[in-house]
Amino acid sequence: MKPPDPAPLTSGSGPKAGRYPTLADVGSGRDNNFNLLRFVASLLVVLTHGIALSTGNVEVTPLHVFGGFVAVLAPDVFFVASGYLITASLMGRNDAAAYVRARVLRIYPALWVSGFATVFGIGLLVTTLPALDYLTHPQTWIFLVRNLTLVAGASESLPGVFNGLPYPNSVNGSLWTLPVEIRLYLGLLLLWWLAGRFTRQQRPWMGWVMVAGAVLLGVLKLRMELGHLPTVNTLRLAPLFFIGSAFYLFREHVAIRRDWFWLALGAMLLSAPWRPVFQVVELLTIGYVTLYLAYVPDGAVRQFNRLGDYSYGIYIHSFPLQQCLVLAMPGIGPWATMAASLMVSVPVAVASWHWIEKPAISRKRKVPAPSP
């Protein structure tokens, strides 16, 4: 379905005449750019991780833009999109069991393959410990159990694996966001249940809770980040998820306007040289920018949907593969690491999508609302 052009609807457009289209008008169906947006965001993660892993310096990156890091935008885009799409999935299914099943099928099958391949493939091959010592080491099993379940958070290191690298002892540093995602999925489910049980207007009640959560946690997040205080992972990302969820719940009231998009994007770019200002502006604008890009650009870009959603596979598989490249090619520079990382990570993600993720997703109950 081709979305309407983001210009005022003219007379003859029925009850919508004389106003701009809303997010509800352009956001129906599955013909959108979410797969492409998340793919680009995952590539940014690969590139910046590749630089950090080859140099050991997380502050060195050619993606640096006027004092801000483009890579900072990647998790924010992921979580805005997740908040919007997961809320759509829950509201469309209106079934707690189906919602949980859908989330499990999306996250865990590929994660389990990644976990077993990392521990019994990569880890066993590259560890400096004897094989028996590695397999009987408690940290090996802690890593496996924690990363296969995510209940107690993700584990980052395996015994004797990647010890002497520029970024040492880190096997899969990308997984830190997944426990946060799961907490937010469960929090959304609880809110949905409470709103349905104790209110007569479930969706507006949920929407205002999400708005309040985004404001309160967003202010706290900014105060801690601008004050250079340690920020827990959930606080770092929850406001973005709430923003995406609120946009979905109030989508009939969000006008889609080209001038607003350029104003928001321009504010982000202009504020980039001043990191504290950028952090505030980005939090205020990233939701609108992400959802505009997800639904308005049309034409050839929509053909990407035919390929699939490779972002999750890139995200969970790329980090250990990048560490293997650095281990195999001592002294490899940042640019060579980035190029090699893409050549390895993207094909693995494509295979993961077609052989693991897509078959698992096909077991979800179909719903009319957009679902990741």
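Visitor: How many salt bridges does the structure hold, and what makes a contact a salt bridge?

Guide: The structure holds eight salt bridges. The term requires a side-chain nitrogen of Lys or Arg within 4 Å of a carboxyl oxygen of Asp or Glu. This is a predicted model, where local features need pLDDT of at least 70 and side-chain atom pairs count only at pLDDT 80 or more, while totals for chains, interfaces and linings use all residues. Residues are numbered from 1 along each chain as its sequence is written, and side-chain values use heavy atoms, leaving out hydrogens and water.

Visitor: Why is the pair D31 and R302 called a salt bridge?

Guide: The N to O distance between the side chains of D31 and R302 is 3.4 Å, and the limit is 4 Å, so the pair qualifies. D31 lies in the loop between α1 (23-26) and α2, and R302 in the loop between α11 (275-295) and α12, 271 residues apart. Helices here are DSSP runs (H or I, at least four residues), numbered from the N terminus.

Visitor: Is R302 buried or exposed, and how do you know?

Guide: Buried means under 20% relative accessible area, exposed over 50%, and partly exposed in between (1.4 Å probe, protein chains only). R302 has 6%, so R302 is buried. D31 has 26%, so D31 is partly exposed.

Visitor: What makes D309 and R38 a salt bridge?

Guide: Their side chains meet at 3.2 Å, N to O. D309 is in the loop between α11 and α12, while R38 is in helix α2, 271 residues apart. Both D309 and R38 are buried. Salt bridges that share partners join R38, R106, D309 and E357 into one network.

Visitor: Which residues of α13 are buried, and what covers them?

Guide: Among them are W353 and E357. The cover includes α2 (34-55), α4 (96-126) and α12 (311-328).

Visitor: Why is W112 called partly exposed?

Guide: W112, in helix α4, has 38% relative accessibility, so W112 counts as partly exposed.

Methods. Helices (H or I, at least four residues) and strands (E, at least two) are DSSP runs, numbered from the N terminus. Contact means heavy atoms within 4.5 Å.
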